[in-house]
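Me: I have a structure to go through and some terms to sort out. Can you take my questions one by one?

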Amino acid sequence: MDGLGAGYDQVNVKDCTKAGIRVSNTPTAVDAATADTSLFLMLGALRGFSLPLMNLRKGEFRGKTAPPLGHDPEGKLLGILGMGGIGRDLKKKAEALGMKVQYHNRNPLPVELSGDAKYVGFEELLETSDVISVNVPLNEATRHMISTAQFKKMKDSVVIINTARGAVIDEAALVQALADGKVLSAGLDVYEEEPKIHRGLVENPHVLLLPHLGTWTVETQTKMELWNIDNVRSALETGKLKSPVPEQKDTP
């Protein structure tokens, strides 16, 4: 089973393994485009671009009253939750904007991968980051990894970015944190029950929304399709997949 994308939470890997079905995805091919989307959402959320964009399309230019002032990325501390290929690509791009970066993974990365980014525990990342970018896969351990208790630990006026999977964040808790002012703004490309989006997110002018377009470019879709073809060719010629999912890496 060859999936077109890095995420594969829609596949029951345990059942596939029991049935002798091998599962693959397309890692690395999606890294740059998804990181670009994270960067776009982060800049838009920091600057508060959602509200003036809405007003502009209503023919009100900046709006009947001037929008709130936004914030520059320079000097802000970005906390990357999940420092895989996408997280590392985002780190590089954020640092070019003058941001400081810290990250949390299950384990620290070797310095050749993490660079100057500081490894911190999950709690410290929540408590100290100005911007939090969610870049972890969705599984049993990460579902609602960020909910009410986690929002309460964050800095006031934190900015939340999610281009991973919607259900990593408890959407109802995010809506409440936005309403309470704990979360200043959010930039989202993924949702808990796609294509359905929580009304509290749609109606909030401080939330910048995209309809899951993280890899939606000619170049990245081509890379993903070529990766899939290589996976199929490898399976037919060698009996092994080019990129088995981590749960099956040791499966003979």
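Reply: Start with a definition: helices (H or I, at least four residues) and strands (E, at least two) are DSSP runs, numbered from the N terminus. This is a predicted model, where local features need pLDDT of at least 70, side-chain atom pairs count only at pLDDT 80 or more, and totals for chains, interfaces and linings use all residues. Residues are numbered from 1 along each chain as its sequence is written, and side-chain values use heavy atoms, with hydrogens and water left out.

Me: How do you know that the span of helix 10 (residues 218–238) agrees with its number of residues?

Reply: The expected span is 1.5 Å times one less than the number of residues. Helix 10 has 21 residues, so it should span 30 Å. Its end C-alpha atoms are 30 Å apart, which agrees.

Me: Which residues of helix 10 are called buried?

Reply: Buried means under 20% relative accessible area; exposed means over 50%, and partly exposed lies in between (1.4 Å probe, protein chains only). The buried ones are Thr-220, Gln-221, Met-224, Trp-227, Asn-228, Asn-231 and Ser-234.

Me: What makes strand 5 (residues 158–162) largely enclosed?

Reply: Five of its five residues are buried, so the rest of the structure largely encloses strand 5. Val-158, Ile-160 and Asn-162 point one way, Val-159 and Ile-161 the other.

Me: How do you know that strand 5 and strand 6 pair?

Reply: Two strands pair if DSSP finds at least two bridges between them. Strand 5 and strand 6 have five, in the parallel sense. In strand 6, Val-183 is the bridge partner of Val-158.

Me: Why is the unit of strand 5, helix 8 and strand 6 called right-handed?

Reply: Point the strands away from you: a crossover is right-handed if the path from the first strand over the helix to the second runs clockwise. Strand 5, helix 8 and strand 6 make such a right-handed β-α-β unit.
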